[in-house]
Amino acid sequence: MNWRQQQDPATTILVKPPRLGRKLTRRTVVGAGAAGAVGIAAVGPFAPASADAVPTGSFRAPALRGQAADEGVRGGRLRVATTGQPASLDGHLVGQRTITLIGWNMFEALFTFDADYATVPMLAEGIEVSDDGLTNRIALRQGVPFHNGDEMRAADVVASFNRWAPVSSLGLAITQFLEEIVEVDPYTVEIRLASPLVALPSLLARQQQGLSIHPASIMEAAAAEPLADEGYIGTGPYRFVERQADRFTLLSRFEEYVGVETDPSGYAGRKAAYLDEIEFIPVPEEAARVAGLQAGEYHYLEEIIPDQIQVLQDDPNVTIEILPPRSYGVVIMNTAAGLMSDQTIRQAVLAALEVESSGQATHGEGYFELGPGIMLPQTAWSSDVSAELYNQNNPEKAAQLLADAGYDGTPIRLLCTQEDLGDYNAAVVAQQQLEAAGFAVALEVTDEATLDENLEDDERWDMTTNAIVFRPDPVLIAPFASCTFDGQWCSPEKVAVVERLQTESDFEARYAALEDLQRLWYEQAPMVKLVNNYGVAALSSKVQGLLGRMHFEIEPEFTNCWLEES
Amino acid sequence: MLAFIVRRLLLLVPVLMIVGVIVFTLIHLIPGDPAAIMLGREATLEQKEALRQRLGLNEPILSQFVTWFGNALRLNFGESLFMGMPVTEALRERAEPTGLLTLYALTLAVLIAIPAGVFAAVRANSPLDRLLMVISIGGVAIPSFFFGILLILLFAVVLGWLPSGGYAGIRDDPIQHFKYMLLPSLTLGFSAAGLLARLVRSTMLDVLNDDYVRTAYAKGLRERSVVVLHALRNALIPVLTVIGIALGGMLGGAVVIETVFNIPGMGRLLVQSVTRRDFPVVQGAVMTVAAVQVLVMLLVDVLYVFVDPRIRYGGD
């Protein structure tokens, strides 16, 4: 086999793109799986995506690069107030924000994302791809210990992959391409594919429900069952200590941790564990989280709503940092059944909505920005294509489209939940604007569990509100990559474009595909994009080394940060 | 007396059976899929189906009921879908915070309400009476979550004397325990104290106008003896009943207080379990609360005998 190692300009990974001109098998993207790309170009200063966009705040993205010098203060217990406590910390099985926040302090993946959201090695040394793009050989770092003292080897990676692939949406995306994964030697694994998958390293990278590496014995014993507490063994800088249901999850420094020696960069590079312990405390009540931060009991809040930010703004003991957008709101339409399966009616919705009011209602002045891009502006994928169809605020056009579609005034069922206040407020604003344009809208407010069940039945709903959260690559976003996400956008044109995104090796070609996907988004109107929602970090002023160094979009890791006693 | 207690305890069985059937029916009637909640919104249909299968949620509802009911009769409420631990263990863990919170709140309520009610009755229509009654109306009227947040802002955020929320076990660290429990107990106790104080005042006013009280005064007894030994004891019967009912109310109030003060108790567990459709925990928790309520009312009935020796049960 001939190997050729090549430095992708956008990453530090050694990659070999598949042979040019190779005919690819047309493949329907089924399931909530997603595929990502290796190459993501460097990010420029943070700026609104569109010339027409009206930013409501202005700042630049931090450089997110740490210093090589060991500057932190060792010691202390960082107390993090989370929105709840997940059923388990098994990130293979469950994709939840809090699991992502806790888990990646203990576990590590083969790859991760650096300051520029380029995919770079973490437990892997690198990846070599064969000329035909079908064989991906991943060399592992040597001498990396698990928390139980055993060294991480290829057998552990294979066992972790085999458990993860059938149960996670990312893994399911790979299994469509996968022939087998084998252990070549104790420090090398090989992933053999039926057809090239340029996005493989991104799919294997650190993210929600990503492939964390655990000892083979634990993976084989757990199989499809959730890991028990004693199974939370990884290679990360912190190790699991104890978990008490609805009370706390405690991690402590893993003294034998062996990481990489490059400078910290986003989620990549050196990871210094300055903190003795990290305690994650479930505090579901928003006001209680904020009061606890003010009283000095918590050092970091997993989530804060803009209303509460006002409370903290003048507190000298608290730091509030506005971050690059971590999501954008959407009004999702049910393309599979009912009124919204008519594209003209969906276009009428797109024409009727004015998004700035929605931003004001959901996040408040200063916490959102307008932008037509379906990829967030801090990625290299941001595009202004079809910007003229964004934020139309044109009820007359909407009324005309409704007349063209023969709309008879049947009420449109708009489903939402008050458990997510942002989604609820967006739904209320959308209802008012749609009614002004001639729609009849029935707002159905339920709890989240009921909403989820209703959304599973195509006959029970027409529209709902949600947010699409940050991903570094378009094919890691489920509504794009999948046909089964809420609303079931699955036109043949979209499937073809997504296939290009998954398999094209050249960034320019993939970017062109993304722009085509954005055109289709505005033409077929499966969803209406609202506004980009800024992330907000709320933390104690004692926490040093976190802001400006760490990404927050896929939750921060508490490495290279420390507590400074005031 | 013993026969009465045994009879009442036996009554617990049908009460709990009825409660169990109602709760099982209600929780299964409302929509919401535990598997979808556990796996998150991006989970595929296949993943959710596999989890449903593993949790036994695909069994016919009647079969689920028969299994659950059979186990419940043996005090086995099954395993929490969400926490992966036996429901009885989860409830036992949370019984301490809720039990102690209720106990402290009740103690505070009684310590505040009885003197306040008695003073108000003895000095009826005086400025003191009016002041006490205004405060007690405040206790009844101010929502406990709002009062709790006010206390947090004052004592935790502004003064920094007490923690804003959380819990420490009484055996692990008694001092921390009382620091954590003071504000929630005060919040919960204050609202109950308002109601109790008004009741003590009105019953005391009735009793103070009775002939035997006039006789006691005529015998030359001091006011304190008349009020405490003669009047208060007779005024306590309705108060005891209301304390029993208030205890049940406090278990309900604990749902809110435990959320505001982030106490890992039974109330918060119940709310979270409803939200995440953890059926076995909801059923177990509601049945436990129902059993506690029945037992408290039994205790109140027994206490009547000690407060008023004229009361006899059954063949005593």
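H6(A) and H7(B) are roughly parallel to each other, because their axes cross at roughly 10° and angles under 35 degrees count as roughly parallel, over 145 as roughly antiparallel, 65 to 115 as roughly perpendicular and the rest as oblique. H6(A) passes H7(B) in a right-handed crossing (a crossing is left-handed if the near helix is turned anticlockwise from the far one by less than a right angle, and right-handed if clockwise).

Now show the side chains. From H6(A) you want Ala287(A), Ala291(A) and Gln294(A), and from H7(B) the partners are Ile149(B), Ile152(B), Leu153(B), Ala156(B) and Val157(B). Contact means that the C-beta atoms of two residues, placed from the backbone, lie within 7 Å. Colour that contact by class and you get seven nonpolar, one polar and no charged residues (Ala, Val, Leu, Ile, Met, Phe, Trp, Tyr, Cys and Pro count as nonpolar, Asp, Glu, Lys and Arg as charged, and the others, Gly among them, as polar).

Some housekeeping before moving on. This is a predicted model, in which local features need pLDDT of at least 70 and side-chain atom pairs count only at pLDDT 80 or more, while totals for chains, interfaces and linings use all residues. Residues are numbered from 1 along each chain as its sequence is written, with chains lettered from A and ligands numbered from 1 in the order in which they are written.

## Stop two: the whole interface

## Stop three: chain B on its own

Chain B has 12 helices and zero strands; helices (H or I, at least four residues) and strands (E, at least two) are DSSP runs, numbered from the N terminus. The C-alpha trace of chain B spans about 85 × 60 × 35 Å along its principal axes.

An unreviewed UniProt entry places "domain: ABC transmembrane type-1" at residues 95-304 of chain B. UniProt positions are given in the numbering used here, feature names are shortened, and annotations may be inferred rather than shown by experiment. Select that range: the chain there is 83% helix and 0% strand, with the end C-alpha atoms 27 Å apart. The unreviewed entry also gives "transmembrane region" stretches in chain B, including 9-30 and 182-200. Residues 9-30 of chain B are 95% helix, with end C-alpha atoms 32 Å apart, while residues 182-200 of chain B are 100% helix, with end C-alpha atoms 25 Å apart.

## Stop four: two packed pairs in chain B

Pick H5 (residues 87-122) and H6 (residues 127-141) of chain B, whose axes come within 8 Å and cross at roughly 140°. H5(B) and H6(B) are therefore oblique to each other, and H5(B) passes H6(B) in a left-handed crossing. Ala116(B), Phe119(B) and Ala120(B) of H5(B) meet a set from H6(B), among them Leu128(B), Leu132(B) and Met133(B).

Next, H10(B) and H11(B): their axes are 7 Å apart at an angle of about 90°, so the two are roughly perpendicular to each other. Look for Ala254(B), Val255(B), Glu258(B) and Thr259(B) against Gly267(B), Arg268(B), Leu270(B) and Val271(B).

## Last stop: a sheet in chain A

Bring chain A back. Four strands form an open antiparallel sheet in the order S6-S7-S9-S8 (chain A), where two strands pair if DSSP finds at least two bridges between them. S6 (124-129) and S8 (178-185) of chain A are the edge strands. Five bridges join S6(A) to S7 (residues 135-140) of chain A, and Val129(A) stands opposite Asn136(A) in S7(A). Finally, select H2 (residues 154-164) of chain A, which lies across S7, S8 and S9 (188-193) of chain A and runs at about 160° to S8(A).

How values were computed:
Axes fitted to C-alpha atoms, helices over the stretch in contact; angles between N-to-C directions.
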